[in-house]
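User: I'd like to learn how to read a few features of a structure. Could you take me through them one at a time?

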Amino acid sequence: KEEGLKVWTAGYRAVQGVVDAYEENALMRQAAAMVFLFVLVTNTYNFYAHSHFMAPRISNPSIMSLGRSKTGQTVIIDDFREAYWWLRDNTPDDARVLSWWDYGYQIN
């Protein structure tokens with residue numbers, strides 16, 4: 001226990017030294033504020049750019065997509081379309097289908 005107390009005390013003193021220097025040094029506070037603002041602006045821009053990059057890709061969902069087989073041949077993945085056709089052909093018109101919410105609007 002005594003060794004842990006020494007480590008904790010040494011850590012506390014180190015942190016307290018940084019806090020004291022921060023409180024006494026206006027230049028350090030200004031530099032910290034500038035770093036914070038830089039990180040904030042950079043992350044805001046990255047979020048904005050990523051959102052506008054992804055929006056067209058996820059706003060028009062498709063039930064078919066292209067893929068590649070192990071041999072490199074292009075294949076059409078149409079599992080959703082096949083499932084929807086099966087539902088259409090094998091269930092009554094007034095049937096209710098339980099599904100996850102994002103597929104529900106395609107089934108409806």
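User: How do the residues lining the largest pocket divide into nonpolar, polar and charged?

Analyst: Happy to start there. Rolling a probe the size of a water molecule over the atoms shows where empty space is left. In this predicted model, the lining of the largest pocket is made up of six nonpolar, four polar and three charged residues. The space inside comes to about 280 Å³. Of the 13 lining residues, L87, T91, A95, V97 and I107 lie nearest the centre. Helices α3 (79-90) and α4 (101-107) each give at least two residues to this lining.

User: Thanks! What span should helix α2 have, given its 34 residues?

Analyst: An α-helix has 3.6 residues a turn, so residues three or four places apart point the same way. For length, count 1.5 Å a residue: α2, residues 26-59, should therefore span 50 Å, and the 48 Å between its end C-alpha atoms agrees.

User: Where does α2 bend, and which residue caps its N-terminal end?

Analyst: The bend, about 25°, is at F53, with the proline P56 following within four residues. The cap is N25, which has a side-chain oxygen 3.0 Å from the backbone nitrogen of L27.

User: And how many bridges join strand β1 to strand β2?

Analyst: In a regular strand the side chains alternate between the two faces of the sheet. Here β1 (residues 65-68) and β2 (residues 74-77) run antiparallel and are joined by four bridges. S65 sits opposite I77 in β2. The two strands form a hairpin with five residues between them, and G72 in the turn has a positive phi of about 95°.

Conventions. Residues numbered from 1 in each chain as written. Predicted model: local features only at pLDDT ≥ 70, side-chain atom pairs only at ≥ 80, totals over all residues. Heavy atoms only, no water. 1 Å grid on protein atoms, 1.4 Å probe; cavity = no way out; pocket = protein on both sides within 12 Å on 5 of 7 lines; lining within 4 Å. Points joined across faces, edges and corners; volume = space filled by probe spheres on them. Nonpolar A, V, L, I, M, F, W, Y, C, P; charged D, E, K, R; others polar. Expected span 1.5 Å × (residues − 1). Bend = angle between axes of the 7 residues up to and from the residue. Polar contact = N/O pair within 3.5 Å; in protein donor to acceptor, adjacent residues only side chain to side chain. Pairing = 2+ DSSP bridges.
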